[in-house]
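Thanks for asking me to look this over. Here are a few notes to read with the model open beside you.

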Amino acid sequence: MRHEPIIEARGLTKRFTVDKAAVEAVTDLSFEVLPGELVAFLGPNGAGKSTSLRMLTTLVPPTSGTARVAGHDILTAPAAVRRSIGYVGQLTSGSFAQRVRDELLSQGAFYGLTRAHARRRAEELIESLDLAPFATRTVQQLSGGQKRRLDVALGLMHAPRLLFLDEPSTGLDPQSRANLWQHIVDLRETHGTTVFLTTHYLEEADRYAERVMVIDRGRVIADDTAAALKSELAGDVVTLTFGTAEDATAAAGPLRRLAGRDVRIVDERSLVLTTPDGDRLLPAAVRELDAAGLRVERATGVPPTLDDVFLALTGRTLREAQAVAEDSTATPTPEGTPR
Amino acid sequence: MTTTEKSAAETAPTTGAPRGGVARDVWNVLTRELRPVVRDPFTLIFSLVQPLVFLGLFAPLLVGQSGEPTGETLRWFVPGVLVMIVLFGTGAVGSNLQYEMMTGSHERTLVAPLSRSSLLVGRALKEVAPIIVQALLIVAISIPFGFTPDPVGLVVGLTLLAVFSVGLGSLSYALALATKNREWLFWGVQQTLIFPLLILSGMLLPLDAGPSWMRAVATVNPVSWVVQAERALLAGDLGAGAVLWGWVSALVLAAGGLAVGIRAMRRSS
């Protein structure tokens, strides 16, 4: 029962109409998420992340395909799905005219909490998300980071076992981002909450999520742990620099044999290669070359980033993909009105 | 199917009662909407500025024009001002929803386990509270100048005003839902409609002296019927035919407004 998936998407597809042309925002999305997982949905703007999330949270119906979320079908039992999940959207969850504590209490009532329970829960969240100094302020008066913490608090009011977050850290300063992540990680550790989030920040997915799904142009193109994605699709970049060009040339052959990889000579005195196991290769290479009388002056091993992974998968850097996505600024309108 | 439903319910003990009913949802939406008003009642006075300007700057002109005593003119004019509060105040409430659609909190309520209809009905019913308070303020301000409302008529008149505000509020919310994030379109339509409705209701000046086509249009303007009903009620003429037509207009508007509004809310995403 523990291993019954908490999210089960089957062929989710969403088509929009932009300027009378059909655009497929999400194509045949199928995946499973197990209880307790922290999954990052990574991709450039316009890749289909938010649309996927909006389908899973019952905000928009899929054009085809379906999904079970927290044990309920998004098409036949949207109300049951809504009761079971928490959702933090891309924008501000709190109404600008409302006070922070009031919004939390209203949210509690929406989810059927008793008044006493809602009050207790609101105070807990105000405390743990450092909202106490602003509890009686209106949402309008909060800073970006404070608003975002309230968004998370609102998403957690009913202690859902599954929390969706759409770009939770976009627009925050580095410190607020780190704080927010700490809260998300804590939440998972203490309550075993399943967290499904979208991000276009590579560092975040890399650092916090143990499972990364890469989405590009509406399709999932990779789904694995960040570490596995990096070692399989991109390797550590190892650079050895020698005192002379002669040494570098002489070392190329032995290094190629040792690593079993192609070696390039850069700037005459440096050898560069990519390998999944750079940390192990470095000391071994330095020892062997030294024994052969080839003195290594500098040795560096740079681990790959998810940007390298994205490049390996798509042939484009994430930044390039972003720029293209931002060029097409047309707002999509759903094809056929949802009922 | 049944086993997974059951296990989900067991593992999620805090998700509350599965069905509290639409009434509970409406109540929760209504109380949330009222919170900012209770926290900052000054906003009610602020939105009274326009009707107060008409009362302070337009009524004296009417008094001068008619040559009748102030009390007599107010008896004709104040009921119209009460309807004006609804027209200007409630007619614009859609912009609050539109703002929440653009800033994100509307989306949050769509993901919450609330029936779609309650999201509209709760908001529409909320309009009653500020309208009653504002109407009582206008009446209280007018009394020292010689306005003498009939007490029973006032109670019935306020109830009629409440029903009218639910209808107009619903339509305003429906307009916001239909125009989505195009604020200019919301205000364009709202302003285009509000002034013809105002003038063709005989609220500011009697239409008796107007051309016959204007009077013809006024007969199909529900606002005009509500204004006439309010005049009769506040004067104590509870049995007047205008009262019946006022109620019919307000009830039809409320039913139609709620239907259109709920439909728009169901399509909202």
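1. In this predicted model, helix α4 of chain B gives the most to a nonpolar surface patch, with four residues. The elements that give two or more residues to that patch are α3 (42-46), α4 (49-66) and α9 (128-142) of chain B.

2. Now over to chain A, where six strands make an open sheet with mixed pairing, in the order β6-β7-β8-β3-β9-β10. At the edges sit β6 (85-88) and β10 (219-224) of chain A, each pairing on one side only. On average, neighbouring strands of this sheet are turned by 15 degrees against each other, direction ignored.

3. Strand β9 (residues 211-216) of chain A runs antiparallel to β10(A), and five bridges join the two. Opposite Met213(A) you will find Asp223(A), in β10(A).

4. Finally, two helices of chain A. Helix α5 (residues 144-156) packs on the sheet, where it touches β6 and β7 (162-166) of chain A, and its direction makes about 165 degrees with that of β6(A). Helix α8 (residues 226-233) of chain A also packs on the sheet, touching β9 and β10, with its direction at about 105 degrees to that of β10(A).

Technical notes:
Residues numbered from 1 in each chain as written. Chains lettered and ligands numbered in written order. Predicted model: local features only at pLDDT ≥ 70, side-chain atom pairs only at ≥ 80, totals over all residues. Heavy atoms only, no water. Pairing = 2+ DSSP bridges. Axes fitted to C-alpha atoms, helices over the stretch in contact; angles between N-to-C directions. Contact = heavy atoms within 4.5 Å.
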